[in-house]
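This report looks at a predicted model.

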Amino acid sequence: MKTRTDRVQCYVARCCGGSHQFLQMRRAQGDFLGGTWQSVYGRIEKGETAWQAALRELAEETGLTPEEFYQLDTVNTFYLAADDCIWMCPAFCALVGCDAQVRLNEEHDSQRWIDRREFADACLWPGEKMALRELFSQILDQGPSKPLLKIRLPQT
C-alpha cells in the first residue's frame with residue numbers, strides 16, 4: 001500500500017448579507033469524478049508548500065484571490081482501492097469578497113454558491129464534513145484558534 005501527501009483542498013467562502021456561502025464547482029464530464037460538485041482540489045508541485053499549492057490551485061480553478069486565507073488542522077485522509085493508496089490532503093479556507101467573480105477553468109463546467117446551513121449536506125465526502133466543523137467553529141465563528149490558523153499572504 002502507498003501513501004500520498006501531494007494534494008491539497010481549499011474551501012472558498014464569502015460573506016454576503018451577514019450569511020456565509022461556499023463555492024462548489026462541478027467537475028467537467030470526462031474528467032476524473034466528472035459531474036460531481038467539489039471544492040478546489042489540486043496537486044502540490046515540486047518546490048511548493050501545501051499552502052502555496054492551495055493558493056495557486058485557487059487562482060487556476062476559480063481566478064480568485066483571497067482577502068483572508070486559513071489553514072485547517074483537519075487533514076482530509078481517505079483510501080482509494082483503485083490504487084491501494086491512502087491519501088492525506090491538507091485543507092485550507094479562502095475568504096473572498098461578496099462580489100468576487102469566479103472564472104472556471106476547463107476542469108469545471110458549472111459553479112454554485114451554497115448557504116452555510118446547507119453546505120455540509122452538499123459535500124460529497126465524509127472527510128469534508130469533518131473539516132467543515134472546524135472551519136465553521138474556529139474560522140467563521142471566531143474560535144480561539146482563528147488567529148493561529150491565519151496564513152499571512154505576501155503583499156502584491
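## Salt bridges around Arg-56

In this predicted model, the side chains of Arg-56 and Glu-57 meet in a salt bridge, with 3.0 Å between N and O. Both partners count as buried, because the relative accessible area of Arg-56 is 16% and that of Glu-57 is 8%, and the cut-off for burial is under 20%.

Arg-56 also forms a salt bridge with Glu-60, where the closest N and O atoms are 3.2 Å apart. These two residues stand four apart in helix H1, so about one helical turn separates them; Glu-60 is partly exposed, at a relative accessible area of 40%. Arg-56, Glu-57 and Glu-60 belong to a network of salt bridges that also links Glu-45 and Glu-48. The count of salt bridges in the model comes to eleven.

## Helix H1 and its packing

Helix H1 covers residues 50-62, and its 13 residues reach 18 Å from the first C-alpha to the last, close to the 18 Å expected at 1.5 Å a residue. Gly-63 follows H1 and has a positive phi, near 75°.

H3 (126-140) has 15 residues and reaches 20 Å from its first C-alpha to its last, close to the 21 Å expected at 1.5 Å a residue. Among its buried residues are Gly-127, Glu-128, Ala-131, Leu-132, Leu-135 and Phe-136.

Asp-141 forms a salt bridge with Arg-116, with 2.7 Å between the closest N and O atoms. Because Asp-141 lies in the loop between H3 and H4 while Arg-116 lies in helix H2, the pair ties together parts that are 25 residues apart in sequence. Asp-141 is partly exposed, with a relative accessible area of 43%, and Arg-116 likewise counts as partly exposed, at 22%.

Gln-9 is placed in strand S2 and counts as buried, its relative accessibility being 0%. Its side chain makes a polar contact of 2.9 Å with the side chain of Tyr-41, and a polar contact of 3.4 Å joins it to the side chain of Asn-76. When neighbours within four places in sequence are left aside, the residues in contact with Gln-9 include Ser-39, Val-40, Pro-90, Ala-91 and Phe-92, as well as Glu-128, one of the buried residues of H3.

Most residues other than glycine have a negative phi. Asp-84, in the loop between strands S6 (68-80) and S7 (85-96), has instead a positive phi near 45°, and this residue is partly exposed, at a relative accessible area of 33%.

## A nonpolar surface patch

Phe-32, Leu-33, Leu-124 and Trp-125 make a nonpolar surface patch of about 390 Å². Trp-125 is found in the loop between helix H2 (116-122) and helix H3, and at 37% relative accessibility this residue counts as partly exposed.

How values were computed
Residues are numbered from 1 along each chain as its sequence is written. This is a predicted model: local features need pLDDT of at least 70, side-chain atom pairs count only at pLDDT 80 or more; totals for chains, interfaces and linings use all residues. Side-chain values use heavy atoms; hydrogens and water are left out. Patches are made of residues with over 30% relative accessible area and no salt bridge: like charges are joined within 9 Å, nonpolar side chains (Val, Leu, Ile, Met, Phe, Trp, Tyr) within 5 Å. Accessible areas come from the Shrake-Rupley method with a 1.4 Å probe; for residues, only the protein chains shown count as cover. A salt bridge is a side-chain nitrogen of Lys or Arg within 4 Å of a carboxyl oxygen of Asp or Glu. Buried means under 20% relative accessible area, exposed over 50%, partly exposed in between (1.4 Å probe, protein chains only). The expected span of a helix is 1.5 Å times one less than its number of residues. A polar contact is a pair of N or O atoms within 3.5 Å; within protein, one must be able to donate a hydrogen and the other to accept it, and residues adjacent in sequence count only if both atoms are side-chain atoms. Contact means heavy atoms within 4.5 Å.
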